[in-house]
Protein chains: 2
Amino acid sequence: MYERGMVRIQAEAAKAASVDLGLLNTKVKNDILLAMADGLMASEKEILEANAGDMEKGRQDGLRDSFLDRLLLTHERLAQMATGIRQVASLPDPVGRILGGANLPNGLTLTKVSVPLGLIGIIYEARPNVTADAIALCVKSGNAVILKGGREALHSNKAVSDALIAAGQKAGLPQGAVQFINVEEREAVDELIHLDGLIDVVIPRGGAGLIRTVVRNASVPVIETGAGVCHTYVDAAADVAMAVSIALNAKVNRPSTCNSMETLLVHKNIADCFLPVMLETYKKAHVTIFGDDRTRSYDASMAAATEEDWRTEYNDLRLSVKVVDSIDEAIAHIRRYGTGHSEAIVTDNYEAARYFQQRVDAACVYVNASTRFTDGFEFGFGAEIGISTQKLHARGPMALPELTTIKYLIDGNGQIRS
Amino acid sequence: MYERGMVRIQAEAAKAASVDLGLLNTKVKNDILLAMADGLMASEKEILEANAGDMEKGRQDGLRDSFLDRLLLTHERLAQMATGIRQVASLPDPVGRILGGANLPNGLTLTKVSVPLGLIGIIYEARPNVTADAIALCVKSGNAVILKGGREALHSNKAVSDALIAAGQKAGLPQGAVQFINVEEREAVDELIHLDGLIDVVIPRGGAGLIRTVVRNASVPVIETGAGVCHTYVDAAADVAMAVSIALNAKVNRPSTCNSMETLLVHKNIADCFLPVMLETYKKAHVTIFGDDRTRSYDASMAAATEEDWRTEYNDLRLSVKVVDSIDEAIAHIRRYGTGHSEAIVTDNYEAARYFQQRVDAACVYVNASTRFTDGFEFGFGAEIGISTQKLHARGPMALPELTTIKYLIDGNGQIRS
């Protein structure tokens, strides 16, 4: 049962522990992570029992099958989580990097180093694997962490974090450094996002509603992740076969992800040879199209796209399609409706490719590739805590370095300012 | 006269212009800056007349002398502003840096480049030199800018920005890229800080009240600057003469600045030989001391420091002093009352120096030097738009690179995700 103030007590304990955690050397942090991976598997019985309880309650509550599937834990899924933790152990330590510096004319030595942010709050929805993932990334980056998961996965998340904390502490994890908020109530989220001076950053992971709520209400710093109204623009000079392949993949490969395409823009000069085959391809893939007038001229049965459609992240097999007069019209459309996530052009024209990459304001701008590649693992970062759609601090896939800040160390021998 | 919506119109014009400004090459941007410097001096007559009007009104309104001094413009001060603009022209371009990248296993080429933030809002108080400063730094970093200065300097700021805009446009500055909000009313600030999706970041420059108001109320991203409750800790192993020199300089060199010391912490084992001479030195410099009990034992006439004193950024010749039992007590005091700006230890003990630098959570941590060096020019950055006391995006003195974000460019030949 939630009581006002309980989150603060947990956050204070985590903040106090963050100092020692932040100073652990790489070897100790890696040993903690490896112990956590082993501890997770050693606690398989307790975790799967807890998960069975969550699943049973979820079925009684009538949760959708897709939701229940994300909630389900199995031996294989636990093993994947353990592998994920071990992979984080194998990544370079983001803390203590010497990022720059100088010997100043007055004899001061200035050194810019990377340091942990301090205490990170993670607010997330159904999937219990986020628990292990977030703990591993925070420990590796020397950050204390306080977790608030979705209520449907409460017992699963608690069992996972209990296992990791117990195993981690035996290997040197400072007591209190990892905190799990063990209540269902949303009031706990409200308390968490108002702990000014204690929480250094909150990262919401989940659906658009969760992210919007956190961003709008938090008084602590937030990194906005996720919302992706992504476009693919098929230029007049596109290779038609490539354009069909990319525009199909960007929509249907995994429609629920934020890097999937929601709107297809087509240059009028290629529409006649591209759109008929594309629309036929989408029909076979069960994609529902909302088109502008020119797109609908290729299929009278198609629904008209509304202003609302251009703004919508469908996250399913729906797609908006618009024919544009020029690359500038495509870029203007993206500027108006895009969320700064991932945008693509398909073209064989060098100038058009460069023009599009320079003028589209988004974290990731593709030429001749599917927007589905926007992902920390695909980019070779070895990890991902989320995809930032903001411009400050982090933009695009966020990995371990984005969980650090910097500090200037200045060493002197009595310098004073004149 | 302010009317609701007028700031949005200006911001929309600036945002539209930001695309072209962001793509200008370095040579053109430098030419614009040099033309602006010349234009500033060519408009000396108009600017000094406008300033005379502000000064006259300020005197009638009974503004303090120190305030009027900051407001005053002279030939020399204009020449300094022009020199500052030319110096910004001489700095490296922060836009278009290739910050990393990789050839991915699937044949995609990933390139991480620095790009302008887009549209920056600057909200500032009395000094008209900030107008020139902010415009120059934003132009160099390819950002459009919208300026809201203090009402006491309205005509001076307007004259300066008019001169820079006119001269800049002749040299290629895109029309609308620099916007000055030509009204006195604070409602304009309120409108500015709620232009979500238009303003990429607001940077408040001025007193604690202004910064607090902007940080608390803005719905657009803000970079918090300025508040500095800075400490100097005189360790048991300090060189007494050096400690006196540093602790004097950190307080009296320019007390109104955010990097000046507000609280002196003294290890109990050095108090007997350090504090009598230090307190005598402060007395000669007209510093008023608020002490804890042990500090007051050296001067019975000294006022007692209250809980409020430890939290206060005096910005004048007042100082709190406390005797501590250990370096850990000093660090705990700084953790509790510091604002994460600049902190210093004076010691000849290697372990103590390293321990302090590792454990104090602040932008700048000094050993054996005055905190007064926290400054973009002193650090060799060649510019400064403010000193960030937050951990995300920018920390410590902010120069041109902190006015950029990143973008990933991904180039392929038809890659789709399996």
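Visitor: Where does N315(B) lie?
Guide: N315(B) sits in the loop between α13 (307-311) and β11 (318-324) of chain B. Helices (H or I, at least four residues) and strands (E, at least two) are DSSP runs, numbered from the N terminus. This is a predicted model: local features need pLDDT of at least 70, side-chain atom pairs count only at pLDDT 80 or more, and totals for chains, interfaces and linings use all residues. Residues are numbered from 1 along each chain as its sequence is written, chains are lettered from A and ligands numbered from 1 in the order in which they are written, and side-chain values use heavy atoms, with hydrogens and water left out.

Visitor: Why is N315(B) called partly exposed?
Guide: Buried means under 20% relative accessible area, exposed over 50%, and partly exposed in between (1.4 Å probe, protein chains only). N315(B) has 31%, so it is partly exposed. Its phi is near 60 degrees, a positive value in a residue other than glycine.

Visitor: What makes N368(B) count as buried?
Guide: The relative accessibility of N368(B) is 7%, so this residue counts as buried. N368(B) belongs to strand β13 (residues 364-369) of chain B. Phi of N368(B) is also positive, near 55 degrees, in a residue other than glycine.

Visitor: How do you know that the two copies are related as by a two-fold rotation axis?
Guide: Two copies of a chain are related by a rotation about an axis and a shift along it. Here chain B can be laid on chain A by a turn of 180 degrees and a shift of 0.0 Å along the axis, with an RMSD of 0.0 Å. The relation is therefore as by a two-fold rotation axis. In chain B, the C-alpha nearest the axis belongs to H393(B), 1.7 Å away from it. The superposition is by least squares on the C-alpha atoms of residues with pLDDT of at least 70 in both copies.

Visitor: Why do the copies meet through the same surface?
Guide: Of the interface residues of chain B, 100% are also interface residues in chain A, so the surface is the same. Contact means heavy atoms within 4.5 Å.
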